[in-house]
Structures are given as structure tokens and as C-alpha cells.
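Please open the model in your viewer and keep the selection tool at hand.

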Amino acid sequence: MLNTNIKSVFELMNTFSTEQICIDYLEDLRWGGIVESPFNSLSRVYKCSKNRYRCKNTGKYFNAKTGTMFENSKISLRKWFLAIWLVTSHKKGISSIQLSKDVGVTQKTAWFMLQRIRACFGIENNNELEGVVECDETFIGGKNKNRHKDKKVKNSQGRSFKDKTPVMGMLQRDGKMNAYVVADTKRNSIQPLICRYVNPETTVLISDEWWGYTGLNKYYDHKIIDHSKKEYVSLQDNSIHTNNIEGSWNILKKSVSGMYNHVSRKHLQKYVDEFVYRFNLRKVSDQEKFRYLLYNSNVRTKYKELC
């Protein structure tokens with residue numbers, strides 16, 4: 001393994017100065033010196049030419065890219081590594097147009113690279129949460145008041161989301177966050193997510209007064225902040241509030257509106273995964289974010305799945 005202490009794009013490109021160095025790094029990161037067949041983990045493996053290996057039991061050939069986001073990609077690993085560094089280190093993400101300029105590919109190729117990278121961000125969106133957990137929902141989409149007169153959507157105020165997509169989130173105080181695109185904010189949509197990821201022995205579960213949270217007191221010590229009464233911090237206990245998760249939604253919305261301008265419902269979960277990945281690793285160095293994603297790059301996305 002390279003003794004890397006990368007702190008900048010310049011150091012990244014100097015460290016991975018050739019394609020072979022990138023391949024060796026990926027092999028070591030993935031297999032740790034003991035090559036394993038992706039087709040049969042128990043099979044003996046033979047080393048072949050051009051960085052290929054052969055699985056004895058299946059007779060199939062493979063390399064370090066097989067089964068990862070890099071499989072069958074004609075883009076060099078040097079450009080992939082640069083793209084991953086830029087995506088994971090930028091606090092609000094990077095657009096496909098900007099990435100295409102920085103990496104030296106077309107905008108269409110940059111968009112596909114970004115979608116493949118985002119497909120791997122889900123590794124940080126399935127955490128078990130405990131302690132004090134804040135729950136809240138937000139709605140992604142343009143504001144009706146900012147639309148042209150002939151494009152305004154009637155009766156779309158408040159929780160009416162005809163023109164928006166709801167996202168439900170759970171945030172552990174001083175810990176990690178999970179967030180998911182949901183069909184609606186009804187009880188049957190949001191409570192199964194809470195019960196799945198929030199430990200029932202959680203000290204406190206905090207939410208607002210929305211009726212979709214009704215009944216959670218059967219499983220949790222459920223505290224409610226009544227926003228309808230202009231209550232944002234409990235008068236009895238100033239630690240009872242949902243300000244942390246509401247602040248995180250502000251970061252997500254600024255990223256979507258400021259960086260990407262428009263995100264379709266079909267792909268929104270990938271952008272939410274990207275936001276959660278960046279939020280959960282906010283205290284980690286850029287080098288560790290880069291290495292962590294490479295280590296978990298075994299998610300392949302095909303172009304026809306995206307279109």
C-alpha cells in the first residue's frame with residue numbers, strides 16, 4: 001500500500017502519477033495482497049498478463065475493476081481517482097459541467113461518473129442510531145412563490161407536496177444521520193424507517209407535532225416540539241429541540257438549489273445519499289473520505305439503469 005498523506009489535488013495527481021500505480025493501489029486496497037475471485041471466493045487464482053487474473057473454478061478472467069464502479073469503463077483510473085477526490089472533498093458537491101472541465105471528459109461522461117460515484121454513497125445511510133435522536137421531514141423542490149405565474153402549482157403550501165418530494169431524516173446528537181426519499185409523510189411511510197434504524201432503547205426520540213409520529217411513545221421516550229405554537233425549544237428542557245436536523249436540511253437544500261439547480265425524483269435518493277455521506281464524514285480528512293469510498297466502490301451502475 002502506498003504511504004499516502006494526500007492533502008490536495010496536486011499531491012493526489014503526483015501520488016497517482018501513472019495508471020499502473022492506480023491499479024496496484026486499487027488491488028492492494030481491495031484484496032490486501034491476496035487476490036480473490038469475484039466469481040468464486042474459494043477458487044484458486046492465476047495471474048495473467050495486462051493486470052488480469054483467471055478464476056480456476058469458473059475459467060473467467062477478472063481484474064481489480066471487476067464488480068466495481070470502474071468495470072468496463074474506458075475512463076482511466078487516474079481520472080476516476082481525481083473525480084472521486086473532487087466529489088468527496090467539495091462541501092456542497094460538484095456539478096457535471098464543472099467536473100467535465102476539471103477531469104477532461106464530456107459533460108455526459110461526467111454525469112455518468114457522478115451517478116456511479118453516488119451509487120456508492122449509500123454505505124453511510126444505514127446507521128443504527130441511539131442516544132438522543134431527532135426526526136424530521138423536509139420537501140425538496142422549488143418554491144411556488146419563485147415560479148412564473150403560469151407555472152405556479154395551486155394548493156401546494158405547507159405539507160401539500162404536489163410539486164415537491166418528501167425526504168425523511170433521523171439524526172443522532174453528536175453522531176450520524178440517515179435520510180430517505182419517501183412516498184409521503186404519513187405514519188406508514190415514516191415510522192417503519194424509525195423503527196428500523198433507531199434503537200428502541202434510545203434515551204430520547206424528538207420530533208415535531210406532525211401526526212405521522214403518533215404512537216411512537218409505545219417504543220421510545222418520545223418528546224414533541226409543537227411548532228404550531230411557535231415552540232422551537234422546550235421551555236421545561238432546553239435540550240429538547242430538532243434544531244440540529246433542521247439545520248442539516250438547510251445544507252441539503254442549498255446544495256441542491258445552488259449546485260445542481262434541479263434534481264429529478266428518480267435520482268433524488270442518490271443526491272440524498274451523497275449529502276448524508278458528506279455530513280457523516282464531516283470531521284474526517286479528505287484523504288480518508290477518498291480512501292473510504294474507494295474501499296467501498298463495489299457498486300456497479302449501468303447507463304441504461306439511469307436513463
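A pocket is defined on a 1 Å grid over the protein atoms alone, as an open set of points where a 1.4 Å probe fits, with protein on both sides within 12 Å along at least five of seven lines; lining residues have an atom within 4 Å of a point. Grid points are joined across faces, edges and corners, and a volume is the space filled by probe spheres set on the points. This is a predicted model, in which local features need pLDDT of at least 70 and side-chain atom pairs count only at pLDDT 80 or more, while totals for chains, interfaces and linings use all residues. Residues are numbered from 1 along each chain as its sequence is written, and side-chain values use heavy atoms, with hydrogens and water left out.

**First stop: a pocket**

Select H90, K91, K92, R278 and F279, which lie nearest the centre of the second largest pocket. The space in this pocket is about 280 Å³. Its lining has 19 residues: eight nonpolar, four polar and seven charged (Asp, Glu, Lys and Arg count as charged; Ala, Val, Leu, Ile, Met, Phe, Trp, Tyr, Cys and Pro as nonpolar; the others, Gly among them, as polar).

**Second stop: aromatic rings**

Rings of Phe, Tyr and Trp (its six-membered ring) pair if their centres lie within 6.5 Å; planes under 30 degrees apart count as stacked, over 60 as edge-to-face and the rest as tilted. The whole structure holds 18 aromatic pairs. Select F70 and W80, an edge-to-face pair with 5.4 Å between centres and 80 degrees between planes. F70 lies in the loop between β3 and α3 and W80 in helix α3, so the pair ties together parts ten residues apart in sequence. (Helices, H or I of at least four residues, and strands, E of at least two, are DSSP runs numbered from the N terminus.)

Are these two residues buried or exposed? F70 is buried, with a relative accessible area of 0%, and W80 is buried at 2%. Buried means under 20% relative accessible area, exposed over 50%, and partly exposed in between (1.4 Å probe, protein chains only). Now extend the selection to F16, Y25, F81, W85 and F290, which form one aromatic cluster with F70 and W80.

**Last stop: a charge over a ring**

Finally, select R52 and Y61: the charged end of R52 sits over the ring of Y61, 4.6 Å from its centre.

How values were computed
Lys NZ or Arg CZ within 6 Å of the ring centre and 35° of its normal.
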